[in-house]
Amino acid sequence: MSLINPGFGLVIWMTIAFGIVLFVLAKYAWKPIMSALKEREASIEESLQAAEKAREAMQDLKLDNEKLLREAKDERDALLKEARNIKESIIEEAKEKANTEASNIIDSAKERIEHEKNAAVVEIKNLIAQNAIAIAEKVLRDELKDKKDQMDYINKLLKETSLN
Amino acid sequence: MIWILSIMMVLGMPSVFAQHHHDDTQQKGEDWEEVIMEEEFKAGEMIIEHIVDAYEWHIISIGETHVTLPLPVILYDKGEWMVFSSSHFHHGHDSYKGYFISHHEMNSGKIVRLDESGAEIRPTLDMSFTKNVLAIFFSMTILVLVFVSVANTYKKRKGQAPKGLQSFLEPIILFVRDDIAKASIGEKNYEKYLPFLLTIFFFILLNNILGIIPFFPGGANVTGNIGVTGVLAAFTFIITTFSGNKNYWTHIFNAPGVPWWLKIPVPLMPVVELMGVFTKPFVLMVRLFANISAGHIIILGFISLIFIFGKMSAGLGYGVSVVSVGFSIFMDFLELLVAFIQAYVFTLLSALYFGMATEEHH
């Protein structure tokens, strides 16, 4: 039954050894290990929080970017639309202007043509009249060679005019 | 000093002390290998011899040559100190200065002398540096070396991921801290008890594992020694008692919620509670001792079977050896599991007792 009979010497040695080791380990091992673990855990916790914050900031930034991009796109679309409108209106205006100009030109041309035509007609009329007068003169000269005939004709003319 | 001395003995003088030839025919062999050769093989004696403390460290026997590490015997008796090497006992066969190793009853395996009436009595103080003491110092040295170096790694590699031994031990340290200390004692007080809990956990675990290893310097049954477990339990008891707050003592002497007639006139509950204060560490002591010793006894029993059957016939011995070794391997794995479980249980229960002692009234 020596199994359950503790040796007194062993108990003393064990107490001394365990006491010393407990003291040494507590001071030189457990204390630095525990403080290092705590420190690391704190730093990990901090890093995680920082990462979370960074992710949130990134999210915000992304949202901002998206918003900005959307705004830019909208603006671009508006600009393009406006430009298109302006282009169309310019073309329209130009067309209108061209039309009026053309019709003006045509009108003035027509007027001028009319004018020219009238002038030409007048000239032709004058020419014809002059020719007719010349022919008539010649004819009259031919016919009124002798005095008598002249006098007869003048009298006749006078008669005609006086009647008027 | 003695530690250094014994290291010197290990390193410097093994040839002087360690080897002893002796003629086997004259002496009653105590070493079990010898026993098989000479007389009937006593399995029980062999097993007990292997799991109790000894004054020398038997390393190996090759034929009749016993390689042992003799250890210093330190006695205080009849008013004087005596220090001599255990090799004077010649493996328990001889007496020296009237002292010899007893083979009887309670004192079996311990140094005794004969008193006037011829009865065996123990010397007043036996402070011998025994096999278990050497094993304790050895494991303590390992603990200090390992954990101080790990602590240095922590200091050196501040803020970095663990590496090497550090990364191997860190999960265990964290387990003791988070799942034993924090869980049982509570966030507020656990830090105070952590050094003790970590130390007993690693001390028990290391010695449980060293105890399974059959070769020197393993093989000493430290945590299966009732003296060692008793000291550990005593530490737990003392720390519990000294950290007990008002609430703890109130629960013992005047437990709330208990009918008054259980306290007055016969203080039944206080007596039961007070007994509990002492039975808790006592159970701690017995549990660890019994679990570890039992595991060793079973393994040694299986091995003994080989020699018991081998005595009957060589063939039977070989046949049984296959089964025995198989069972021994199984038991070794089981013991490895038990090594962890017992270290865990001892630490956890200590932590629970500390938790009870520091629990605030609510």
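Trainee: Which residues lie nearest the centre of the second largest pocket?
Mentor: Phe168(B), Leu169(B), Phe202(B), Leu205(B) and Leu206(B) do, out of 13 residues that line this pocket. A pocket is an open set of points on a 1 Å grid over the protein atoms alone, with protein on both sides within 12 Å along at least five of seven lines, and lining residues have an atom within 4 Å of a point. A cavity is a set of points where a 1.4 Å probe fits but cannot get out.

Trainee: Before we go on, what should I know about the model and the numbering?
Mentor: This is a predicted model, where local features need pLDDT of at least 70 and side-chain atom pairs count only at pLDDT 80 or more, while totals for chains, interfaces and linings use all residues. Residues are numbered from 1 along each chain as its sequence is written, chains are lettered from A and ligands numbered from 1 in the order in which they are written, and side-chain values use heavy atoms, with hydrogens and water left out.

Trainee: Back to that pocket: what volume does it have, and which elements line it?
Mentor: The second largest pocket holds about 250 Å³ of space, a volume being the space filled by probe spheres set on grid points joined across faces, edges and corners. Helices α5, α6 (165–185) and α7 of chain B each give two or more residues to its lining. These are DSSP runs numbered from the N terminus: helices are H or I with at least four residues, strands are E with at least two.

Trainee: How does the lining split by class?
Mentor: It has 13 nonpolar residues, no polar and no charged ones. Ala, Val, Leu, Ile, Met, Phe, Trp, Tyr, Cys and Pro count as nonpolar, Asp, Glu, Lys and Arg as charged, and the others, Gly among them, as polar.

Trainee: Which domains of chain B contribute to the lining?
Mentor: Domain 1 (72–126) and domain 2 (131–358) each give at least three residues. Those bounds come from an automatic or database domain assignment. The centres of the two domains, taken over C-alpha atoms, are 32 Å apart.

Trainee: And what about the second largest cavity?
Mentor: It holds about 70 Å³ of space. Helix α8(B) gives the largest share of the lining, four residues.

Trainee: Last topic, strands: in what order do β5, β4 and β9 of chain B sit?
Mentor: They form an open antiparallel sheet in the order β5-β4-β9. β5 (80–85) and β9 (125–126) stand at the edges with a single partner strand each, so one side of each has no neighbour in the sheet. Strand β4 (residues 72–77) meets β5(B) through six bridges; two strands pair if DSSP finds at least two bridges between them. Across them, Tyr76(B) stands opposite Trp81(B).

Trainee: How many residues of β3 in chain B are buried?
Mentor: Six of the six in strand β3 (residues 65–70). Thr65(B), Val67(B) and Leu69(B) point one way, and His66(B), Thr68(B) and Pro70(B) the other. β3(B) pairs antiparallel with strand β2 (residues 56–62) over six bridges, and Leu69(B) is the bridge partner of Trp57(B). In their hairpin, with two residues between the strands, Gly63(B) takes a positive phi near 60°.

Terms used
Buried means under 20% relative accessible area, exposed over 50%, partly exposed in between (1.4 Å probe, protein chains only).
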